[in-house]
Amino acid sequence: MDKQELIALIRQKREYRDIDSLFVERMLASSLKEKSELLKKKDIESAVKETRAKLREVYGAFLSPKYFQREKFLNAIKDLNDVEAHKRILGLHLSTRERLPFYEEVYSQIFQITGKPSSILDLGCGLNPFSIPFMHLSNITYYAAELVKADADFLQKYFDKFQIKGKAFQMDLTRAENLPPADICFMFKVIDTLEAIEWDVTAELLAKIKAKWIIASFAKKSLGGKKKIKMEKRAWFERLIQKREHKVFEVENEVFYVIRGK
Ligand SMILES: C[S@@+](CC[C@H](N)C(=O)[O-])C[C@H]1O[C@@H](n2cnc3c(N)ncnc32)[C@H](O)[C@@H]1O
């Protein structure tokens, strides 16, 4: 089987269909011990399984079963004050779902430190732009970066529907280029994900961010909430930012670092 056929096979599952082939090829690379044409049936099966497991870890695991009905949920939002409809859409992605009870507190704590921003860059944003009603900001410009183009296009529909000055775009953050400048940059629960794709990518990415403040967050429990993630697991990150002024606060499931940018 040639490599493109193998990639097509991996992408046959619904949750991986929209992921760019080049990204799938990168995730496949470490599972291929020899040319795909030389693989036996058993090796093909294990390469497919391993690659899907990686794609699941960095992308698929966060999507709820109703995620692919997201258009229907967007159509149901009446206006930016329709908080209940925003909550329903935030519930489609596990990262935003577990933050739902804490949004008001999180944004109030962040903006107490940073002041109210007029522009936000949200990296690996998932569905977080749908939390705009919890920010209580007027007239913001919102840049949203996500791995999968279909997801970025969906966020753009939301921005356009409610005349939010927003630009959603596809970007693989392990290869980030030309990030737009903004007052603050959110990196909510994205650093662990990026490090799973490429070890030690965070320092390089932080250097590329042109924002006055960077807010990075980490999950305190594994997805599903079963395992506690030890604080020592973030020691490397604390060393990375030790020379920058920063403050830390926590909510039940998540720890936030509010870091002085450039
Ligand atoms: C744990 S989720 C966090 C989502 C969001 N920031 C939040 O906290 O609500 C990680 C996100 O990173 C995105 N992602 C994974 N790899 C990426 C990459 N290489 N470039 C950009 N985004 C990526 C995933 O699609 C997913 O939405």
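**Ligand shell, sheet and domains of a predicted model**

Of the 21 residues around the ligand, Ser 95, Gly 124, Gly 126, Leu 147 and Phe 188 come nearest. A residue counts as near a molecule or strand if its C-beta atom, placed from the backbone, lies within 6 Å of it. This is a predicted model: local features need pLDDT of at least 70, side-chain atom pairs count only at pLDDT 80 or more, and totals for chains, interfaces and linings use all residues. Residue numbers start from 1 along each chain, as its sequence is written.

**Ligand shell**

- Helices (H or I, at least four residues) and strands (E, at least two) are DSSP runs, numbered from the N terminus.
- The most comes from α10, with three residues in the shell.
- By class, the shell holds 11 nonpolar, seven polar and three charged residues. Ala, Val, Leu, Ile, Met, Phe, Trp, Tyr, Cys and Pro count as nonpolar; Asp, Glu, Lys and Arg count as charged; the others, Gly among them, count as polar.

**The sheet**

- Seven strands form an open sheet in the order β3-β2-β1-β4-β5-β7-β6, with mixed pairing. Two strands pair if DSSP finds at least two bridges between them.
- β3 (165-170) and β6 are the edge strands, and each pairs on one side only.
- From one strand to the next, the twist averages 15°. Axes are lines fitted to C-alpha atoms, for helices over the stretch in contact, and angles run from 0 to 180 degrees between N-to-C directions.

**Strand pairs**

- β5 (residues 211-219) and β7 (residues 254-260) run antiparallel, joined by seven bridges. Here Phe 218 stands opposite Val 255 in β7.
- β6 (residues 246-250) pairs with β7 in the antiparallel sense over five bridges. Phe 249 has Phe 256 of β7 as its bridge partner.
- β6 and β7 also form a hairpin, with three residues between them.
- β2 (residues 141-146) and β3 pair in the parallel sense over six bridges. Ala 145 has Phe 169 of β3 as its bridge partner.

**Helices on the sheet**

- Helix α9 (residues 149-161) packs on the sheet and touches β2 and β3. The direction of α9 makes about 170° with that of β3. Contact between two residues requires their C-beta atoms, placed from the backbone, to lie within 7 Å.
- Helix α7 (residues 103-114) lies across β4 (182-188), β5, β6 and β7. α7 runs at about 15° to β7.

**Domains**

- The protein divides into domain 1 (3-58) and domain 2 (95-260). These bounds come from an automatic or database domain assignment.
- The domain centres, taken over C-alpha atoms, are separated by 29 Å.
- Five residues from domain 1 and seven residues from domain 2 make the contact.
- On the side of domain 1 that touches domain 2, three residues are nonpolar, none is polar and two are charged.

**Helix pair α1 and α2**

- The axes of α1 (residues 3-10) and α2 (residues 21-29) come within 10 Å and cross at roughly 100°.
- α1 and α2 are therefore roughly perpendicular to each other. Angles under 35 degrees count as roughly parallel, over 145 as roughly antiparallel, 65 to 115 as roughly perpendicular and the rest as oblique.
- α1 contributes Lys 3, Leu 6, Ile 7 and Ile 10 to the contact, and α2 contributes Ser 21, Val 24, Glu 25 and Leu 28.
- By class, this contact has five nonpolar, one polar and two charged residues.
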